[in-house]
Every structure is written in structure tokens, then in C-alpha cells.
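I opened the notebook to look up a few local features, and I keep the entries in the order in which I went through them.

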Amino acid sequence: MDDIKIIVACHKPVNTIPESSIYLPVEVGAALRNEHFLDTLDNTGDNISAKNPSYCELTGLYWAFKHLDYDVLGLVHYRRLFMKSNLCVRKNIKNVITEKEINRLLSDHDFILPKKRHYYIETNYSHYIHAHNKEALDKTGEIIKQYYPEYYSYFQKHMNKRTGHYFNMFIAKKEVINPFLTWMFDILFKLEQEIDLNDYQGVERRVFGYISELLFDVYISKNNLKVKNQKYLFFEKQNWVKKIFNFIKRKFK
């Protein structure tokens, strides 16, 4: 039986942690707090915990990558979880994906990812630059072109597409995810040297978390990996009026 570790990234106390032993809640950004709410922190050993404001859930992922033993690794959020079936509609913690479903899906897929988002009126590139500082995305392209030129055409193609996997959620076997994480973090660390975070305010400081979302599909396309698009549900209330208003506002900013 595969040793499965699904990291649940948490930045505050929550009650949406699945009870299964395959789920490991990790307090992300633990280096920035004197008091902690979880037993597992992302600030031990080799870590980037203090960079949580700009790396978001990736600080927990980096810690897991460097410290855990696993055959299968995954990342979900305390408020956004994979469901065990694409037919699930109830926000019930009992409906989250289980070890049984993970093993079944990974028997003939390389990645379990959240269902794709569709941007019907714009591309991945135009959506990003309307919502975020375009400098970081353009620099990412330059880094890929210089250090990983075999990936550059795939980066360009993905920027021109209108669909993509977002949220930095995934489940994959060790032999698939470890090479990806090595590649991804190398790009992000190089990008960190190319931009000045003082120019990024508010949510824009989450820049490396935003950029990493786009790298999944680039890597998957280049390496011809097979993806299972799995349903996820958001376990907190969302203010849809505010979300739609902000979406439209960015388009005309």
C-alpha cells in the first residue's frame, strides 16, 4: 500500500480537516508567529516558512518535499478540498477524496488536479496581467527561456490558452511530483532574485503562489503527463457579488 501524504495548508485554526490519516494539516508561515495552533509547522529544518506572504501554501509544500517520506504527495487547502467523486455536491467532510480513490485514479493517471478553470473572454496571460503585476510573469518566461529552453514553447502555448489548472492543488506519485517540484522551485527562486518585492503590495505580494499555478500545465504538457480532473469544493462562504465586481473591475482598470 502506498504511503500517501496529503498536506492541508492552514494559516489559522479550522475545523475542515479530514480525519483520515493520509491528511496532514501543516501550519504555513509558522516562522512568522510566536504562538501556534497545529503540531506540524513549516519552519523546521530546510524551510522557506518566513516567505509565506509571497509563497503562500508553497511554504508548506516545500517543507513537506524536503522532510516527509511518501510514495504519494498531495496539497490541498483548509477551505478547498478534492471530492471523492465528480458527482459530489454537498460540502461534507465525509465526501473528500480517500486513499481508495487516490490509488485507483493514480493507477492510470500521473496527476490528480482540480477541474480546469475556463476564461472564455481572455487567455491565461491576459487574465494574469489584468489581475496582477505583469513583470513577474514576463520575467518567468525569460527565466524558462534561459534555463529551461525546452519548456519555453510550452510556456508560450499555455499563456495563449483559455483554460488552466489553478489553486496549487494536486496529488501525484513521488516519481512524478519530485522532479516537478525541483523544477518549479528553481524557477521561483530565480524569479525571486529578479524582482523587488517592495514593488508588490497587498495581495500582489503573493506573487510566487500566483506564478506557480501556471507552471503545472507547462510542465505537464512538456512531459506529456496524464491528468485526472477532479472536482473540488470550497468549504467557506464566498461573497460572489464582491468576487464578480472585482473581476470586472480588473478588466477595465
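**Entry 1**

I began with helix H2 (residues 58-67), where eight of the 10 residues are buried, so the helix is largely enclosed by the rest of the structure. I note here that I am reading a predicted model. The buried residues of H2, as I listed them, are Leu-58, Thr-59, Gly-60, Leu-61, Tyr-62, Trp-63, Ala-64 and Phe-65.

I then stepped back to Cys-56, which is found in the loop between helix H1 (52-55) and H2. I looked up its backbone and found phi near 55°, a positive value in a residue other than glycine. I recorded this because most residues other than glycine have a negative phi.

Asn-168 lies in the loop between strand E7 (163-164) and strand E8 (170-173), and at 2% relative accessibility I count Asn-168 as buried.

**Entry 1: aromatic pairs**

I turned to the rings next and noted that the structure holds 19 aromatic pairs. For Tyr-151 and Tyr-219 I have ring centres 5.9 Å apart and planes at 15°, so I wrote the pair down as stacked. This pair links distant parts of the chain, since Tyr-151 is in the loop between helix H5 (134-147) and helix H6 (152-160), while Tyr-219 is in helix H8 (residues 207-222), 68 residues apart. Both Tyr-151 and Tyr-219 are buried.

I also looked up Tyr-152 and Phe-155, which form a stacked aromatic pair with 6.4 Å from centre to centre and 20° between the planes. These two residues are three apart in helix H6, so about one helical turn separates Tyr-152 from Phe-155.

Which residues do ring pairs link into a cluster? I wrote down Phe-111, Tyr-148, Tyr-151, Phe-170, Phe-180, Trp-183, Phe-216 and Tyr-219.

**Entry 2: charges over rings**

Last, I checked for charges over rings. Lys-222 lies over the face of Tyr-151, at 5.3 Å from the ring centre, and the charged end of Arg-80 sits over the ring of Phe-167, 4.1 Å from its centre.

How values were computed
Residues are numbered from 1 along each chain as its sequence is written. This is a predicted model: local features need pLDDT of at least 70, side-chain atom pairs count only at pLDDT 80 or more; totals for chains, interfaces and linings use all residues. Side-chain values use heavy atoms; hydrogens and water are left out. Rings of Phe, Tyr and Trp (its six-membered ring) pair if their centres lie within 6.5 Å; planes under 30 degrees apart count as stacked, over 60 as edge-to-face and the rest as tilted. Helices (H or I, at least four residues) and strands (E, at least two) are DSSP runs, numbered from the N terminus. Buried means under 20% relative accessible area, exposed over 50%, partly exposed in between (1.4 Å probe, protein chains only). A charge sits over a ring if NZ of Lys or CZ of Arg is within 6 Å of the ring centre and within 35 degrees of the ring normal.
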